[in-house]
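My notes follow in the order in which I made them.

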Amino acid sequence: MADAHPTIPWEVFIQPRTGAPHQHVGNVHAYDAEMALQNARDVYARRGKVVSMWVVPAEAIHATVPDDNGPFFDPADDKVYRHPSFYKVPHGVKNM
Amino acid sequence: MDDSARLLEFEARLGQGEKIEPKDWMPERYRKQLIRMMSQHAHSEVVGMLPEGNWITRAPNLRRKMALLAKVQDEAGHGLYIYSATESLGIDRCELLDQLLAARAKYSSIFNYPTLAWADIGVIGWLVDGAAIVNQTMLAKSSYGPYSRAMIRICKEENFHKKQGYEICVTLASGVPEQKQMLQESIDRWWWPTLMMFGPSDKESANSAELMKWKVKRRSNDDLRQHFVNITVPQAHALGLTLPDPDLHYDEATDNWMFGEIDWDEFWSVVRGNGPCNRERMNARRAAHEEGAWVRAAMEAYAAKQRNHEQNVNGVS
């Protein structure tokens, strides 16, 4: 009964205050970016506390695949020398 | 990895308190149960606009009217949050709406009761939204990330719903005898259906054990219901009104307000479609969808026009 429609999903990101990162909050369906922004305002910004909003066609977002997480993120796992705890300094030396 | 190994890994992740995200492997049954439960929840938000919408034009003053409009608009928004979260499980919201309109999906039975008096708007905000908050606070800790995030947003907004409702009740309770009586009658009508919102008792609930095992739900129906009764009874007393349950009493040993037996025949009858307003709600929902067809057609025509315009500007045929 609900007729098929050619709207596409848009992922919505909002910035709650200047200085804060934009954060994903959900998605809306819309025909174009202008309508997506208006829908996103009505759905995700009914109570102020939003200084900026992004909408991105969902299909434009490319994501990692959880099954590949091991090999994909592996290069970060064996480089302990990127962490401060890898380095030794004499006891008593302050403000390091 | 075969499915049994994946299931072990999945349950181990849940055991460590990890959240499951849309692209993660999950048992088909987990996905199906979530789609069922989340879409029911979204439909409830949408159908829930109807009983209260009934009173927008008759709100007693502008302050109440603005609050009620904002609340009903929130319910629409909450429906959209949850449809959005449900889509992350790989189902289109048009299909979910189809299921609702074809009566293949359920929504909360509480919305199959009529709003007969203005006091009902106060009592719905206080009791019905109060019960929903208890349930949704629990669901905010759900194991499925998008559901949990939607619930956190909803809980933040719903506190106003409960408070505006209770404020209406306080006003009526301190009014003339007729107002007080209207409020008492409304509480008498809504109390038991509200307790039924938490679903069948744990012994009868087909889905509960599985949903709790997978941490979609974190507390059982009976547990949540008892918590709701415990926080609500003192609020009724503060209004100077009674709850329609002769068996209601405080049990010092368990710190609980013990309540009488719920009429489960009524519960199942309303779930199966024979409540006072089941047909009326579905007819209203279908009519709203059909009457909105021209808006969708207009938007589509506008989008097509924009696309043509862009093609002409870019010289692409």
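**Entry 1: α6 and α7 of chain B**

I looked up α6(B) and α7(B) and found them packed at an angle of about 155 degrees, with their axes 7 Å apart. Axes here are lines fitted to C-alpha atoms, for helices over the stretch in contact, and angles run from 0 to 180 degrees between N-to-C directions. Helices (H or I, at least four residues) and strands (E, at least two) are DSSP runs, numbered from the N terminus. α6(B) and α7(B) are therefore roughly antiparallel to each other. I noted the cut-offs: under 35 degrees is roughly parallel, over 145 roughly antiparallel, 65 to 115 roughly perpendicular, and the rest oblique. The crossing of α6(B) with α7(B) is left-handed. Left-handed is the word if the near helix is turned anticlockwise from the far one by less than a right angle, and right-handed if clockwise. The contact of α6(B) with α7(B) divides into 16 nonpolar, eight polar and three charged residues. Ala, Val, Leu, Ile, Met, Phe, Trp, Tyr, Cys and Pro count as nonpolar, Asp, Glu, Lys and Arg as charged, and the others, Gly among them, as polar.

**Entry 2: conventions**

I am working with a predicted model, in which local features need pLDDT of at least 70, side-chain atom pairs count only at pLDDT 80 or more, and totals for chains, interfaces and linings use all residues. Residues are numbered from 1 along each chain as its sequence is written, while chains are lettered from A and ligands numbered from 1 in the order in which they are written.

**Entry 3: α6 and α10 of chain B**

I then took α6 (residues 119-139) and α10 (residues 221-238) of chain B, which pack at an angle of about 130 degrees with axes 10 Å apart. α6(B) and α10(B) are therefore oblique to each other, and their crossing is right-handed. From α6(B), residues including B:Leu127, B:Ala131 and B:Val134 meet residues of α10(B), among them B:Leu224 and B:Phe228. By class, this contact has six nonpolar, four polar and no charged residues.

**Entry 4: the core**

Which residues have the most contacts inside the largest nonpolar core? I listed A:Val12, B:Val123, B:Leu127, B:Tyr147 and B:Cys169, in a core of 74 residues. α6(B) gives the most to this core, with ten residues. A nonpolar core is a set of buried Ala, Val, Leu, Ile, Met, Phe, Trp, Tyr and Cys residues joined through C-beta atoms within 7 Å. Leaving aside neighbours within four places in sequence, B:Leu127 is in contact (C-beta atoms, placed from the backbone, within 7 Å) with B:Trp190, B:Trp191, B:Thr194 and B:Thr232.

**Entry 5: single residues**

Is B:Tyr144 buried or exposed? B:Tyr144 is buried, because 29 other C-beta atoms lie within 10 Å. Buried means 20 or more other C-beta atoms within 10 Å of the residue's own, exposed 12 or fewer, and partly exposed in between, with C-beta atoms placed from the backbone. B:Tyr144 lies in the loop between α6 and α7 of chain B. B:Glu167, in α7 (residues 145-173) of chain B, counts as partly exposed, with 16 C-beta neighbours inside 10 Å.

A:Tyr44 is buried, with 22 other C-beta atoms within 10 Å. A:Tyr44 and A:Ile14 are 30 residues apart in sequence and 8.3 Å apart in space, C-alpha to C-alpha.

**Entry 6: between the chains**

Last, I checked the contact between the chains, which takes 16 residues from chain A and 19 residues from chain B. The side of chain A that touches chain B has ten nonpolar, three polar and three charged residues.

How values were computed
Contact = placed C-beta atoms within 7 Å.
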